[in-house]
Structure formats: C-alpha cells, structure tokens
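Subject: The model, and what I found in it

Hello,

Here is the structure I promised to pass on. Please open it alongside this email, and my notes follow below.

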Amino acid sequence: MNTLIHKIIAKHRQACEAKKQELKKSRILRCINNSDIKYEDLIPIGDEDYDRIVSALEEKVNREIGEEPRYRNWFPNIFAWREIVDSMKNRIRDAYYIKNRPCGKCGEDNTIFFCFRSSDESWKELCGREGYMLICPDCLTILGFVPYFLN
Ligand SMILES: [Zn+2]
C-alpha cells in the first residue's frame, strides 16, 4: 500500500516537473522570439556557478553603482541593478550562458540570460515585471529585457 502511494506521488512529481520545464521553455521561446538568441545556444548555469556569478555581481554593483533612484513608477521598464541582484538572489533561479554571443558594448563573452522578477513592492504599485533579461556583468549593461508577465 505504502509503496503504491509512493509510486503515485513520484509519478505525479515527475509529471509536474515535466510541465514546469515545458512552461519555462515556452516562456523563454516567447521572450527570444524577436531577437537573435537561439534556444539551442542557451547553456544552463548550474547552482555553484550561479551563486558565484550572483555574489560577484552583487559585489561589483555595490562597488561601482552609487545610490539608484526609485523611478519604477514612471518608467516600469527601467531596472535598478540592486533590484536585479535581489531578483537573482531571492526570487527565480533560472540562468544561462549564451554560446558565441559576446556583449555588444564591451566585447566580453560573459553575457548572462536569466529570469528576472521585479520586487513585491513593484507588483503592489502595478508596475511588476517578470521576464527574461540579458545582462553583461563585466560592463554592467542591461542588453535586453522581454517580460512575459506584467501588471
Ligand atoms: Zn559588456
């Protein structure tokens, strides 16, 4: 009996995971639809790399970016670097390297394509955004953002 229940739960979990992956893929495809990014060129960033990238980015932002204005209410598609770091640290963990796609500004080949979700506060203020963003952590440039949810 017990094993049967476990089997059912395991099967259900598997189905949920497959659905989640499918949904993620469809959102990514929607976001890269009008860009030169190809789905096949995305290389998932593993947990260890992810943590290293985010903490390096946080350090760099704290060192190089001064106080950032709160302009989200007027320009909901302009994002502060601290909000980006906060999203990567505390919200959705889904990030990729892109094969052969150096930064258009500095030429370094470290661009990161990842899922960004704006702060809870921004959703309360009706300027929430969730979507995929392309950044260059080397020259701190936001190279692109396409939301799949907004309010
Ligand atoms: Zn760059």
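Let me begin with a helix pair: helix H2 (residues 47-64) and helix H3 (residues 81-90) pack at an angle of about 160°, and their axes are 10 Å apart. Axes here are lines fitted to C-alpha atoms, for helices over the stretch in contact, and angles run from 0 to 180 degrees between N-to-C directions. The angle makes H2 roughly antiparallel to H3, since angles under 35 degrees count as roughly parallel, over 145 as roughly antiparallel, 65 to 115 as roughly perpendicular and the rest as oblique. The crossing of H2 and H3 is left-handed (the near helix is turned anticlockwise from the far one by less than a right angle; clockwise would be right-handed).

Before going on, a word about the model. It is predicted, so local features need pLDDT of at least 70 and side-chain atom pairs count only at pLDDT 80 or more, while totals for chains, interfaces and linings use all residues. Residues are numbered from 1 along each chain as its sequence is written. Helices (H or I, at least four residues) and strands (E, at least two) are DSSP runs, numbered from the N terminus.

Back to the helix pair. On the H2 side, Val54, Leu57, Glu58 and Val61 meet Trp81, Arg82, Val85, Met88 and Lys89 of H3; two residues are in contact if their C-beta atoms, placed from the backbone, lie within 7 Å. The residues of this contact divide into 6 nonpolar, no polar and 3 charged. In that count, Ala, Val, Leu, Ile, Met, Phe, Trp, Tyr, Cys and Pro are nonpolar, Asp, Glu, Lys and Arg are charged, and the others, Gly among them, are polar.

The loop between H2 and H3 holds isoleucine 65. Leaving out residues up to four places away in sequence, isoleucine 65 touches Trp81 and Leu140. Isoleucine 65 and tryptophan 81 are 16 residues apart in sequence and 7.9 Å apart in space, C-alpha to C-alpha. Isoleucine 65 counts as partly exposed because it has 13 C-beta neighbours inside 10 Å. For reference, a residue is buried if 20 or more other C-beta atoms lie within 10 Å of its own, exposed if 12 or fewer, and partly exposed in between, with C-beta atoms placed from the backbone.

Now the whole chain. It has 4 helices and 5 strands, and along the sequence they follow the pattern α-β-α-α-β-β-α-β-β. Of its 151 residues, 19% count as buried. The C-alpha trace spans about 60 × 40 × 30 Å along its principal axes.

The strands form an open sheet of 5 in the order E1-E2-E3-E4-E5, with antiparallel pairing. Its edge strands are E1 (42-44) and E5 (141-150), each pairing on one side only. On average, neighbouring strands of this sheet are turned by 30° against each other, direction ignored. Two strands pair if DSSP finds at least two bridges between them.

How is E4 joined to the strands beside it? Strand E3 (residues 112-117) and strand E4 (residues 129-136) run antiparallel and are joined by 6 bridges. Among the partners, phenylalanine 114 bridges to methionine 133 in E4, and arginine 117 to glutamate 130 in E4. E4 and E5 also run antiparallel, with 8 bridges joining them; one of these links isoleucine 135 to isoleucine 142 in E5. E4 is mostly covered, with 7 of its 8 residues buried. Helix H1 (residues 2-32) lies across E4 and E5, running at about 125° to E5.

- Asparagine 100 has a positive phi of about 50° although it is not a glycine. It is found in the loop between strand E2 (95-98) and E3, and counts as exposed because it has 6 C-beta neighbours inside 10 Å.
- Leucine 126, also not a glycine, has a positive phi of about 60°. Its place is in the loop between helix H4 (120-124) and E4.

Best wishes
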